[in-house]
Amino acid sequence: MKTTLPAPSALIGAFEETYREQSERFTGDEPTWQPVHTVYVPADQVSADTVDAWGRTATELLHEHLFSPGELPPLCGLDPDLAAPVHERVRRKLRIEPVEDLRIDFEDGYGRRPDAEEDRHVESAAAAVAAMARAGTLPRRWGLRVKSFADGDPVRSVRTLDGFLTEVVGQVGSLPAGFTVTFPKVLMEAYLGQFAACLETLEGALGLPERTLRFEIQVEAPQTVAFLLRSPDLVRSLKGRLAAAHFGVFDYTASCGLPPHEQRLDHPVCDHAREVMRVAFAGTGVELSDGSLAAHPASDRTEDVRALWARHAALVAHSLSNGFYQGWDMHPSHLVSRYAAVYAFHLANYEEYCARVEAWEQRRDAGGGVMDEPATIRSLMAALRRADHALSL
């Protein structure tokens, strides 16, 4: 082949350095197991029985108000053909693993307490975790949410984390797998580096392997969204300690000046914040999570329970359709609608996706007028991996 340029490599002499920077900054988003939810429980309400109690309560609600699979489709827009398998999966999930991710809350759900009282709850929460670890009931992902540095008392935040981890490690003999810590209301970017430094020091003091202590940022204010956009090196600067970014719907919508009745996950301002999160963390391996519905059934009547489930399932479906595969659950009733919506979402297109991937691999027409591009095939394969993780029991 004839060419014109004598030595193209001379024109792109900085390529190796740029490519190395790309590899360091964008480590990839290969789907691995990610919990479908995070359950937040105030620290003073956590016990060794918390997970089992949530499972029992959700199961009782399911049996009382949604006993027949045929009653499920109207609640979450489900294909009637999928009603039976989804209903059975929800029933089994509540029995086998009702909570995938537990977060013990020392922030908004707990409030400001005297130091001595919070210290006591640190000890009781750590004892509950140790008991669950010994009993084999500790969720695959677990941890705590500390107070925000933005509240002006970082010492209390770090003291709680230190005391909690010291107690857990002391009682169990090691730190059980799956630990993470939630860092809320990050109004200043510098707080992230300061908190990461605390984790590194605590990690060394406890004799834990490097980068055992990782954290998730909560995006709860426009100020946070602003610095996410202007800080392309944020993830790399935290040296592997940033594990996830969770959206906080109520603080965020309040910060945006929305009236209370518009503080909802499917509001356009929330869609914008989530899209910024997606852009800021694209390709970095940082997990994304949506927020919560702060509501429980208005009464024990079936119509009220089902109304709550229908609203929650719609919000979960909105998150899933926008590529946010995790959210928060704040009441045992949410487990029913969470798992029903998640299973319905992943089962709805599973067989079609499998057929299209198989057709691509065999270099034949997928049928139905579909012309899949390589990027679409990668998306299909990622969707199938996420579905396999979510559907496994």
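Q: Where does Glu 100 sit?
A: In this predicted model, Glu 100 lies in the loop between H5 and E2.

Q: Is Glu 100 buried or exposed?
A: Glu 100 counts as buried because its relative accessible area is 1%, and the cut-off for buried is under 20%.

Q: What is Glu 100 in contact with, leaving aside its neighbours within four places in sequence?
A: Glu 100 is in contact with Trp 33, Gln 34, Pro 35, Val 36 and His 37, among others. The list also includes Lys 93, Pro 139, Arg 140, Arg 141 and Tyr 339.

Q: And how many residues apart in sequence are Glu 100 and Thr 38?
A: They are 62 residues apart in sequence, with 7.1 Å between their C-alpha atoms in space.

Q: Arg 141 was on that list. Where is the place of Arg 141?
A: Arg 141 belongs to strand E3.

Q: Buried or exposed?
A: Arg 141 is buried, at a relative accessible area of 15%.

Q: Which residues is Arg 141 in contact with, sequence neighbours within four places aside?
A: Among them are Trp 33, Pro 35 and Glu 100. Asp 101, Leu 102 and Arg 103 are also in contact with Arg 141, as are Gly 178, Thr 180 and Glu 287.

Q: What about the rest of E3, how many of its residues are buried?
A: In E3, 5 of the 5 residues are buried, so the strand is mostly covered.

Q: Which way do the E3 residues point?
A: Arg 141, Gly 143 and Arg 145 point one way, while Trp 142 and Leu 144 point the other way. In a regular strand the side chains alternate between the two faces of the sheet.

Q: How does E3 pair with E2?
A: Strand E2 (residues 101-105) and strand E3 (residues 141-145) pair in the parallel sense, over 5 bridges. Asp 105 has Arg 145 in E3 as its bridge partner.

Q: Does Asp 105 turn up elsewhere, or what is the bridge partner of Pro 42 in E2?
A: Asp 105 in E2 is also the bridge partner of Pro 42. E1 and E2 run parallel and are joined by 4 bridges.

Q: What is the strand order of the whole sheet?
A: The 8 strands form an open sheet in the order E7-E6-E5-E4-E3-E2-E1-E8, with parallel pairing. The edge strands are E7 (287-289) and E8 (327-329), and each pairs on one side only. On average, neighbouring strands of this sheet are turned by 25° against each other, direction ignored.

Q: What about E5, which residues are on each side?
A: Phe 215, Ile 217 and Val 219 are on one side of E5, with Glu 216 and Gln 218 on the other. Both faces are covered, and 5 of the 5 residues of E5 (residues 215-219) are buried.

Q: How many bridges does E5 have with E4?
A: Strand E4 (residues 179-183) and E5 pair over 3 bridges, in the parallel sense. Phe 183 stands opposite Ile 217 in E5.

Q: Switching to helices. At what angle do H3 and H5 cross?
A: The axes of H3 (residues 50-65) and H5 (residues 83-96) cross at roughly 150° and come within 9 Å. That angle makes H3 roughly antiparallel to H5. The contact is made by Gly 55, Ala 58, Thr 59, Leu 62 and His 63 of H3 with His 87, Val 90, Arg 91 and Leu 94 of H5. By type these are 4 nonpolar, 4 polar and 1 charged.

Q: In which hand does H3 pass H5, left-handed or right-handed?
A: The crossing of H3 with H5 is left-handed.

Q: And at what angle do H6 and H7 pack?
A: Helix H6 (residues 115-135) and helix H7 (residues 154-172) pack at about 35°, with their axes 9 Å apart. H6 passes H7 in a right-handed crossing. The residues of this contact divide into 10 nonpolar, 3 polar and 8 charged.

Notes:
Residues are numbered from 1 along each chain as its sequence is written. This is a predicted model: local features need pLDDT of at least 70, side-chain atom pairs count only at pLDDT 80 or more; totals for chains, interfaces and linings use all residues. Side-chain values use heavy atoms; hydrogens and water are left out. Axes are lines fitted to C-alpha atoms, for helices over the stretch in contact, and angles run from 0 to 180 degrees between N-to-C directions. Helices (H or I, at least four residues) and strands (E, at least two) are DSSP runs, numbered from the N terminus. Angles under 35 degrees count as roughly parallel, over 145 as roughly antiparallel, 65 to 115 as roughly perpendicular and the rest as oblique. A crossing is left-handed if the near helix is turned anticlockwise from the far one by less than a right angle, and right-handed if clockwise. Contact means heavy atoms within 4.5 Å. Ala, Val, Leu, Ile, Met, Phe, Trp, Tyr, Cys and Pro count as nonpolar, Asp, Glu, Lys and Arg as charged, and the others, Gly among them, as polar. Two strands pair if DSSP finds at least two bridges between them. Buried means under 20% relative accessible area, exposed over 50%, partly exposed in between (1.4 Å probe, protein chains only).
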